[in-house]
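The sequence and coordinates come first, followed by notes grouped by theme.

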Amino acid sequence: MKIKITARRILPAITLMLALANGSALAGTVNCDSYGGARNTCGADTRNGVALAHQLSGAKCKMGVSWGVQDNNRIWVDQGCRGVFTTGVMWSNNGGGGGGGGGQRLTCASYSNRRTECPANTGGRVSLTRQWSNAPCIQGMSWGYNNRMVWVDRGCRADFQFGN
């Protein structure tokens, strides 16, 4: 009897640990720094997307200008950009831009309860279309936006539509 009771308590814990391990394997953070304004590359699994989580430099970090993704395994930085990048955010804005048509879509994900900023030209209009996380996605608390990005925090992972 004691074995069955213990198994009922241990199995959910093991399942949770495996789920957390799989989630963290999809995402990670990478520090990448451009010193002296020179271009630098940093190894990272970029197949599922990259977002600038936190800028460390005084020089502006702007995607496509002073930082970006090279192949499926490198982040590049330039022009003095230094930052912490989150991988595994699976963001896509269908070619960038925003505005026009039926809007753009992206998936933005917070891992390890950390804030992630997903670049997007939102046009000041964003709606959550599908939540992927068990953690709640509450506008203003665990997700939000401005004209240049959608941000998520506290484990929120969701699809967003913007620019329509």
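## Salt bridges

Glu117 is partly exposed, with a relative accessible area of 21%; buried means under 20%, exposed over 50% and partly exposed in between, computed with a 1.4 Å probe on protein chains only. The model is predicted: local features need pLDDT of at least 70, side-chain atom pairs count only at pLDDT 80 or more, and totals for chains, interfaces and linings use all residues. Residues are numbered from 1 along each chain as its sequence is written, and side-chain values use heavy atoms, leaving out hydrogens and water.

Side chains of opposite charge can pair when their charged atoms come close. A salt bridge here is a side-chain nitrogen of Lys or Arg within 4 Å of a carboxyl oxygen of Asp or Glu, and the count is 2. Glu117 takes part in one of them, with Arg115, at an N to O distance of 3.1 Å. Arg115 is also partly exposed, at 33%.

Arg82 and Asp33 form a salt bridge too, their closest N and O atoms lying 3.8 Å apart. Because Arg82 belongs to strand 6 and Asp33 to strand 1 (residues 28–33), this pair ties together parts 49 residues apart in sequence. Strands are DSSP runs of E with at least two residues, numbered from the N terminus. Arg82 is partly exposed at 27% relative accessibility, whereas Asp33 is buried at 17%.

## Aromatic pairs and a charge over a ring

Rings of Phe, Tyr and Trp (its six-membered ring) pair if their centres lie within 6.5 Å; planes under 30 degrees apart are stacked, over 60 edge-to-face, and the rest tilted. There are 3 aromatic pairs by this rule. Trp67 and Phe85 have ring centres 4.9 Å apart and planes at 55°, so they are a tilted pair. Trp67 sits in strand 4 (residues 67–70) and Phe85 in strand 6 (residues 82–87), so the pair links parts 18 residues apart in sequence. Both are buried, Trp67 with a relative accessible area of 1% and Phe85 with 0%.

The rings of Trp143 and Tyr145 are stacked, because their planes are at 25°, with centres 6.3 Å apart. Trp143 is buried at 4%, while Tyr145 is partly exposed at 29%. Together with Phe160, these two residues form one aromatic cluster.

Arg39 lies over the face of Trp76, 4.2 Å from the ring centre; the rule asks for NZ of Lys or CZ of Arg within 6 Å of the centre and within 35 degrees of the ring normal.

## Nonpolar cores

A nonpolar core is a set of buried Ala, Val, Leu, Ile, Met, Phe, Trp, Tyr and Cys residues joined through side-chain atoms within 4.5 Å. The largest has 14 residues, and those touching the most other members include Leu106, Trp143 and Phe160. Strand 7 (104–109), strand 11 (149–152) and strand 12 (157–162) each give two or more residues to this core. Strand 12 gives the most, with 3. A second, separate core of 12 residues includes Val30, Cys42, Cys61 and Trp67.

Phe162 lies in strand 12 and is buried, with a relative accessible area of 0%.

## Surroundings of Ser133

Ser133 is in the loop between strand 9 (126–131) and strand 10 (143–145), and is buried at 7% relative accessibility. Leaving aside residues up to four places away in sequence, Ser133 touches Gly155, Cys156 and Arg157, where contact means heavy atoms within 4.5 Å.

How values were computed: Helix = DSSP H or I, 4+ residues; strand = E, 2+ residues; numbered from the N terminus.
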